[in-house]
Amino acid sequence: MKRSIELSYKLIIFDVDGTLVTTKSGATFRKSADDWQWIPGRKEKLLQLEKEGIQTALASNQGGVAFGYFSHASIIHELYNLVDEANIGCVRWCETHPNAPIQEYRVDSNRRKPGPGMLDEIIKYFDMSKPDTLMVGDRPEDEQAAQNAGVAYMDAETFFSS
Ligand SMILES: [Mg+2]
């Protein structure tokens, strides 16, 4: 029997938008904090990983806060809905953006992917080793964040079709 790839890892960190969820509005980026829906089958896959004893986590850039598209409180609320529905063990997000029009969010942070900051925080939270960690995402900045953190990377389409 084929051994599935994810069983080689003890911790899998997922990007959120475009990886686990898509917008309800059809826009590329969320129009509002609650403009999201699960991509079919992905919540079930996360619940299955949890059953297999694999830790799951989220690392999400949410620059929409920095641009004033939605509030800090509303995106926390929506991300925790996701966490609850899929029994996710840890969530990190980054609301800052180097070009943000709102001054308090105009920060060039290494937490924002492609920086490794959020991935490092999650690995530390679980006291996990880097070789035991996989990052799954849909964009170049996810792959670069994985590279910068020194962990393996897999594209979401490949991961969820295996
Ligand atoms: Mg994405």
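**Figure 1. Magnesium site of the predicted model.** Three residues supply the protein donors of the magnesium ion: Asp15 (OD), Asp17 (O) and Asp138 (OD), at 2.1 to 2.2 Å from the ion. Donors are N, O and S atoms within 2.8 Å of the metal (3.2 Å for Na, K and Ca); water is not among the atoms, so the site may look incomplete. Along the sequence, the donor residues follow the spacing D-x1-D-x120-D. Asp15 is buried at 6% relative accessibility, whereas Asp17, with a relative accessible area of 26%, is partly exposed. Buried denotes under 20% relative accessible area, exposed over 50%, and partly exposed the range in between (1.4 Å probe, protein chains only). This is a predicted model, in which local features need pLDDT of at least 70 and side-chain atom pairs count only at pLDDT 80 or more, while totals for chains, interfaces and linings use all residues. Residues are numbered from 1 along each chain as its sequence is written, and side-chain values use heavy atoms, with hydrogens and water left out.

**Figure 2. Overall arrangement of the protein chain.** Five helices and seven strands are present, in the order β-β-β-α-β-α-β-α-β-α-β-α from the N terminus. The radius of gyration is 15 Å, close to the 15 Å given by the globule rule for 162 residues, so the protein chain is as compact as a globular protein of that length. This radius is taken over C-alpha atoms, and the rule is 2.2 Å times the number of residues to the power 0.38. Helices (H or I, at least four residues) and strands (E, at least two) are DSSP runs, numbered from the N terminus. Buried residues account for 48% of the 162 residues in the protein chain. Of the contacts between residues at least 6 apart in sequence, 65% join residues at least 24 apart; contact means heavy atoms within 4.5 Å.

Figure 3. Thr56 belongs to strand 4 (residues 55–61) and is buried, its relative accessible area being 3%. Leaving aside residues up to four places away in sequence, Thr56 touches Ile12, Phe14, Leu46, Leu49, Asn87, Ile88, Gly89, Cys90 and Phe126. One of these residues, Asn87, is placed in the loop between helix 2 (72–86) and strand 5. Asn87 is partly exposed at 41% relative accessibility and has a positive phi of about 50°, although it is not a glycine. Most residues other than glycine have a negative phi, and most peptide bonds are trans.

Figure 4. The buried residues of helix 3 are Gly117, Met118, Leu119, Ile122 and Ile123. These buried residues pack against strand 1 (11–14), strand 4, strand 5 (90–94), strand 6 and helix 4 (140–149). In the loop between strand 5 and helix 3 lies Pro114; the peptide bond from Lys113 to Pro114 is cis, with omega near 20°.

**Figure 5. Loop between helix 3 and strand 6.** Although Asp127 is not a glycine, its phi is positive, about 55°; at 70% relative accessibility, Asp127 is exposed. Ser129 is placed in the loop between helix 3 (117–125) and strand 6 (133–137) and is partly exposed at 31% relative accessibility. The C-alpha atoms of Ser129 and Leu11 are separated by 9.0 Å, although the two residues are 118 residues apart along the chain.
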